[in-house]
Amino acid sequence: MQTVTRVVLDAMGGDNAPSAPVQGAVDAVNARNDIKVLLAGQEDVIREELNKYTYPEEQIEIVPATEVIEMAEPPVVAIRKKKDSSIVVGMNLVKNGEADAFVSAGSSGAILVGGQLIVGRIKGIKRPPLAPLIPTKKGVSLLIDCGANVDARAEHLVQFAQMGSLYMENVVGIKNPRVALVNIGAEDEKGNALVKDTLPLLRECGDINFVGSIESRDIPQGDADVIVCEAFTGNVILKLYEGLSSTLISVIKQGLKSTFRSKIGAALALPALKKTLKAFDASEYGGAPLLGLNGLVVKTHGSSKAVEIRNSIFQCVTFNQQDINGKIKEYIIDSQNEEE
């Protein structure tokens with residue numbers, strides 16, 4: 001019997017809500033029949049958007065939520081006061097086992113706070129990290145953490161490495177993924193206090209394939225599969241990555257249109273160029289899961305369009321089918337038994 005993954009989608013979150021979330025949900029269920037999307041938000045607004053599309057109606061359900069958490073609101077206050085917001089209602093469905101995952105392009109702070117306060121951490125997880133997939137020359141790498149823990153300690157980074165390794169092996173399918181720590185050089189004497197404290201701990205981890213330090217310039221080359229850092233560094237890497245990628249794509253397109261000769265060349269190169277540029281489009285890889293929670297929470301870009309929402313839903317299906325939370329729990333229990 002086919003397993004259906006139930007994904008709660010925040011229909012009110014993000015710059016392009018509700019149109020992008022609703023279209024992303026419709027695109028997802030039209031592509032696959034092993035998904036049910038629960039659209040959380042203001043019912044009349046969602047229904048007006050849904051009426052624009054044709055889709056298998058049994059695969060989309062509206063979950064009413066009258067309130068919306070805005071981007072500028074203090075996250076802790078918003079989560080505690082707006083009990084009928086799309087974020088709180090959606091996360092409670094995951095907490096209560098009525099859904100397998102929650103996806104939102106809304107307030108990052110509210111999603112991080114709600115994930116920990118409502119869905120809750122797996123016992124033994126010290127800090128849940130945000131972990132997006134980023135495109136590289138060799139495929140994709142997991143950047144962990146990119147925004148959840150700006151003041152992480154060495155023990156937290158070790159858990160990030162362990163969870164990231166499990167994710168890449170089971171979700172992306174990379175056997176024995178290479179794990180590297182972001183540093184300003186390959187030598188052990190390089191780096192700040194956090195990096196110097198973390199390096200020996202990662203080397204002692206026999207259950208990950210630690211390959212040492214990685215400089216930021218080597219990340220796009222695909223020299224590691226799991227890129228470990230605290231959230232301040234990770235967020236800078238991610239934002240620079242995204243900005244540089246979009247700028248390069250824009251410059252290339254302008255260059256190809258600059259002369260008659262370049263336009264002829266562009267026409268010949270267009271199929272190969274589109275394939276290459278698509279591989280470096282971050283929206284193709286979905287959102288960033290908040291790993292280490294009792295249920296799956298995925299944060300997508302605030303500017304997400306339907307394609308990224310759709311791919312984030314697909315990402316939840318793989319996560320659920322591979323039982324990543326179960327594997328993380330099993331790993332933590334085994335680690336605690338070894339310590340005892």
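Which residues does Leu50 touch, not counting residues up to four places away in sequence? The close-ups below, all taken from a predicted model, start with that one.

**View 1. Leu50 and its neighbours in the nonpolar core.** Leaving aside residues up to four places away in sequence, Leu50 touches Val22, Val26, Leu39, Tyr55, Ile60 and Ile62. Leu50 is also one of the residues with the most contacts inside the largest nonpolar core, alongside Val37, Leu39, Ile60 and Val228. That core has 62 residues, and helix H6 gives the most to it, with 10 residues. Another core lies apart from this one; it has 40 residues, including Leu38, Ala110, Ala180 and Ala224.

**View 2. The six-stranded sheet.** Here six strands make an open sheet with mixed pairing, and reading across it you get E3-E2-E1-E4-E11-E10. Strand E3 (60–64) and strand E10 (288–289) sit at the edges with a single partner strand each, so one side of each has no neighbour in the sheet. Helix H2 (residues 43–50) packs on this sheet, touching strand E2 (35–41) and E3, and its direction makes about 160° with that of E3.

**View 3. E1 next to E4, with H10 across the sheet.** Strand E1 (residues 5–10) and strand E4 (residues 101–104) run parallel, joined by three bridges. Look for Val8, whose bridge partner in E4 is Phe102. Helix H10 (residues 306–321) lies across E1, E2, E4, E10 and strand E11 (296–299), and runs at about 145° to E1.

**View 4. The five-stranded sheet.** This open sheet has five strands, ordered E5-E6-E9-E7-E8, and its pairing is mixed. Strand E5 (133–136) and strand E8 (209–214) are the edge strands, each pairing on one side only. From one strand to the next, the twist averages 30°.

**View 5. E7 beside E8, and the helix over them.** Strand E7 (residues 178–182) pairs with E8 in the parallel sense, over five bridges. Helix H7 (residues 193–204) lies across E7 and E8, and runs at about 165° to E7.

**View 6. H6 lying across the five-stranded sheet.** Helix H6 (residues 154–172) lies across E5, strand E6 (139–144), E7 and strand E9 (226–228). Against E6, the helix H6 runs at about 150°.

Conventions: Residues are numbered from 1 along each chain as its sequence is written. This is a predicted model: local features need pLDDT of at least 70, side-chain atom pairs count only at pLDDT 80 or more; totals for chains, interfaces and linings use all residues. Side-chain values use heavy atoms; hydrogens and water are left out. Two strands pair if DSSP finds at least two bridges between them. Helices (H or I, at least four residues) and strands (E, at least two) are DSSP runs, numbered from the N terminus. Axes are lines fitted to C-alpha atoms, for helices over the stretch in contact, and angles run from 0 to 180 degrees between N-to-C directions. Contact means heavy atoms within 4.5 Å. A nonpolar core is a set of buried Ala, Val, Leu, Ile, Met, Phe, Trp, Tyr and Cys residues joined through side-chain atoms within 4.5 Å. Buried means under 20% relative accessible area, exposed over 50%, partly exposed in between (1.4 Å probe, protein chains only).
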